Amino acid sequence: MTDFLVIVALAALGAALAGLLAAPAVRVLRRRSVALSLFAVAALAVAAMAAGTVAVAQAMFLSGHDLGVVMAVVAVSGVVSLAAALLFGRRIAAGSRELARSARTVGSEGGFVAPAEPPTAELAALSRALEETSGQLAEARERERALDASRRELIAGISHNLRTPLAGLRAMAEALEDGVAEDTARYHARMRIEVDRLAAMVDDLFELSRIQAGALALTLSRVSVYDLVGEALAGAGPLARASGVRLVDGGVVPLPVRVDAQQITRVLGNLLVNAIRATPADGTVAVSARHEEGRVVLAVEDGCGGIPPEDLPRVFDTGWRGGAARTPRADGMGGAGLGLAIVRGIVAAHEGRATVRNTGAGCRFEVELPAAEAPAAPPAA
């Protein structure tokens, strides 16, 4: 047992001596090629094994022939190990260089093209991560392009919608100033209407800017969907009567929701105005509310005739103003493309979702909101 411990100690001493001598190489090889680092690690292992073997062989007083055989075996094993380490290191280095070349394509128009066969699992994982990052950058670039396009459309729409009332106000002001207006009261009333239109447009722009900046503050409370729908219908009633459109109950269940009542009433109001202006006279607009998988779904269905399928993904984009199937005022905001964008922003702030789809006579806008939790039972007496 003592001889065995002596042999182990000698082998450990020889390996430790080799390790101490090779320690400076670790510092020297920092930031060098991975192939060189792997070769150095293999060389250290071979040197440690050889040093321990020689120390044990000397202690065992082997014959010259036996010692030569041991050293020959150590030398052959060392050469084979170093060659394998060098080849494998060169393969990893080549894979790293190929991945580095591919990484330069991240964010380019063509996108990232991953190397065919990364030599290690770590390089394969890095390649997948770069591929996912490239895809996310491409999606972000497309979103930025779409946002830029919608911003240009919004500016063009707002400019047009501002120009019309401003031109009317200027003409009426000049007529009053020159004394050629016969019915001044009618002129004043019309000017008030145009000013209200301009004020509403500015309010919508301010609201949309708050939504897009994430600065929309919500005051949440537990309310009934029935009350929200009732308030929205009351506000849209005069416009519906003036347009000859009937507002009908499509089945409103008095479900509780925890929302900002003022903001959700605005959402319903925008959808109703949108539907009324898109529906021809003698048509109907139906409002409904139902419970579906832990969510409350509010729906407004009109008789506009439908939206072209290619326009459906853009309905809630800022600046969208409808196509041939809907009037230029289909967004309910005078054609500026703000109403439905505000709807989407407010619903998203409530962690909900706004969608639209075509139905038989028109289209159906749906707003999904989280259902309110049931109130806790009072503690037992």
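At roughly what angle do the axes of helix H5 and helix H8 cross? This is a predicted model, where local features need pLDDT of at least 70, side-chain atom pairs count only at pLDDT 80 or more, and totals for chains, interfaces and linings use all residues. Residues are numbered from 1 along each chain as its sequence is written, and side-chain values use heavy atoms, with hydrogens and water left out.

To the helices, then. The axes of H5 (residues 184-212) and H8 (residues 339-349) cross at roughly 35 degrees and come within 10 Å. Axes here are lines fitted to C-alpha atoms over the stretch in contact, with angles from 0 to 180 degrees between N-to-C directions; helices are DSSP runs of H or I, at least four residues, numbered from the N terminus.

On the H5 side, Asp204, Glu207, Leu208 and Ile211 meet Ala341, Ile342, Gly345 and Ile346 of H8, contact meaning heavy atoms within 4.5 Å. By class, that contact has five nonpolar, one polar and two charged residues. Nonpolar covers Ala, Val, Leu, Ile, Met, Phe, Trp, Tyr, Cys and Pro; charged covers Asp, Glu, Lys and Arg; the others, Gly among them, are polar.

Next, domains. The lining of the second largest pocket draws at least three residues from each of domain 2 (146-213) and domain 3 (221-324 + 334-370), bounds that come from an automatic or database domain assignment.

Note on methods. Helix = DSSP H or I, 4+ residues; strand = E, 2+ residues; numbered from the N terminus.
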